[in-house]
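Thanks for coming. I will take you through one structure, going from the overall layout to a few individual residues.

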Amino acid sequence: MIAKTLPSSGRWCVSCNAKRLDGRKGLQIGKRKSPLLKKRTKASGEGIMFLAIWNTRQHVSGVSGERLGDEINAMFFSHILPKSVYPKFRLLDRNIVLMTPDEHHQWDHEPHSNIIGNPMWEKIFNLQEQLKREYYGSK
């Protein structure tokens, strides 16, 4: 049997530690698996939806009009209403706008007061208001 807690000595012997690490799930590095490198998550359906959006829309930013290239990247897909606050709209294609990675970061992680006066972002704010009205009207 392999101990699940650290022994009183503060260290496992080499063979016990190897056995303990082999039982973990994750990406395999050499003979050991690292649980930190690969986190298993429940399938949300976003990947399939992102692919459908990528195949049906032009590959340009909905903010700046900048070309995104031909290779799909998850950073190009930005939820206008956050998934955590508006879970019913997580897979709504109108709630997802293609953006450059910098624009995506700006939208998700910086105060909207930094961009609210910028005409480039006006249609995104209008869409956000429209989606909020639709969300709360559907509850």
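How many helices and strands does the chain have? There are four helices and four strands. Please keep in mind throughout that this is a predicted model.

Some totals next. The chain has 139 residues, and 28% of them are buried. Its accessible surface is about 9,900 Å², with carbon and sulfur atoms accounting for 54% of that. Among contacts with a separation of 6 or more, 52% are between residues 24 or more positions apart.

Now the interior. In soluble globular proteins, nonpolar side chains tend to be buried together. Here the largest nonpolar core contains 16 residues. The ones with the most contacts inside that core are Ile80, Phe89, Met99, Trp107, Trp121, Ile124 and Leu131. Helix H4, residues 122-137, supplies the largest share of this core, namely five residues. A separate core, apart from this one, has nine residues, including Met49, Trp54, Phe76 and Phe77.

What does isoleucine 124 touch, if we skip residues up to four places away in sequence? The list is Gly62, Val63, Ile80, Val97, Met99 and Trp107.

The other one is leucine 131, which sits in helix H4. Its relative accessibility is 1%, so leucine 131 counts as buried. Leaving aside neighbours within four places in sequence, leucine 131 is in contact with Ile80, Leu81, Phe89, Leu92, Arg94 and Asn95. Take phenylalanine 89 from that list: 42 residues separate it from leucine 131 in sequence, while the C-alpha to C-alpha distance is 8.7 Å.

Leucine 92, also on that list, is in the loop between S3 and S4. Is leucine 92 buried or exposed? Leucine 92 counts as buried, because its relative accessibility is 18% and the limit for buried is under 20%. Not counting residues up to four places away in sequence, leucine 92 touches Met49, Leu131 and Glu134. Glutamate 46 lies 46 residues from leucine 92 in sequence, and their C-alpha atoms are 9.7 Å apart.

That takes us to helix H2, residues 46-56. Which residues of H2 are buried? They are Glu46, Met49, Phe50, Ile53 and Trp54. Looking down the axis of H2, these buried residues fall within an arc of 140 degrees, so they line one face of the helix. The other side of H2 has Ile48, Asn55 and Thr56 exposed. Strand S3, residues 77-79, and strand S4, residues 96-98, are part of what covers the buried residues of H2.

With neighbours within four places in sequence left aside, the contacts of glutamate 46 are His79, Lys83, Arg90 and Leu91.

Tryptophan 54 is in helix H2 as well. At 6% relative accessibility, tryptophan 54 counts as buried. Again leaving aside neighbours within four places in sequence, tryptophan 54 is in contact with His59, Leu68, Gly69, Asp70, Glu71, Ile72, Phe76, Phe77 and Leu98. Tryptophan 54 and asparagine 73 are 19 residues apart in sequence, and 9.5 Å apart in space, C-alpha to C-alpha.

Helix H3, residues 101-109, can be read in the manner of H2. Its buried residues are Glu103, His104 and Trp107. Seen down the axis of H3, those residues fall within an arc of 100 degrees, so they line one face of the helix. The face turned away from that buried side carries the exposed residues Asp102 and His109. What do the buried residues of H3 pack against? They pack against S3 and H4.

Last, the empty space. Rolling a probe the size of a water molecule over the atoms shows where such space is left. The largest pocket holds about 250 Å³. Its lining consists of 17 residues, and nearest its centre are His79, Pro82, Lys83, His104 and Asp108. Which elements give two or more residues to the lining of the largest pocket? H2, S3 and H3 do. Of the residues nearest the pocket centre, which include His79 and Lys83, those two are also contacts of glutamate 46.

Technical notes. Residues are numbered from 1 along each chain as its sequence is written. This is a predicted model: local features need pLDDT of at least 70, side-chain atom pairs count only at pLDDT 80 or more; totals for chains, interfaces and linings use all residues. Side-chain values use heavy atoms; hydrogens and water are left out. Buried means under 20% relative accessible area, exposed over 50%, partly exposed in between (1.4 Å probe, protein chains only). Contact means heavy atoms within 4.5 Å. Accessible areas come from the Shrake-Rupley method with a 1.4 Å probe; for residues, only the protein chains shown count as cover. A nonpolar core is a set of buried Ala, Val, Leu, Ile, Met, Phe, Trp, Tyr and Cys residues joined through side-chain atoms within 4.5 Å. The arc is that of the directions from the helix axis to the C-beta atoms. On a 1 Å grid over the protein atoms alone, a cavity is a set of points where a 1.4 Å probe fits but cannot get out, and a pocket is an open set with protein on both sides within 12 Å along at least five of seven lines; lining residues have an atom within 4 Å of a point. Grid points are joined across faces, edges and corners, and a volume is the space filled by probe spheres set on the points.
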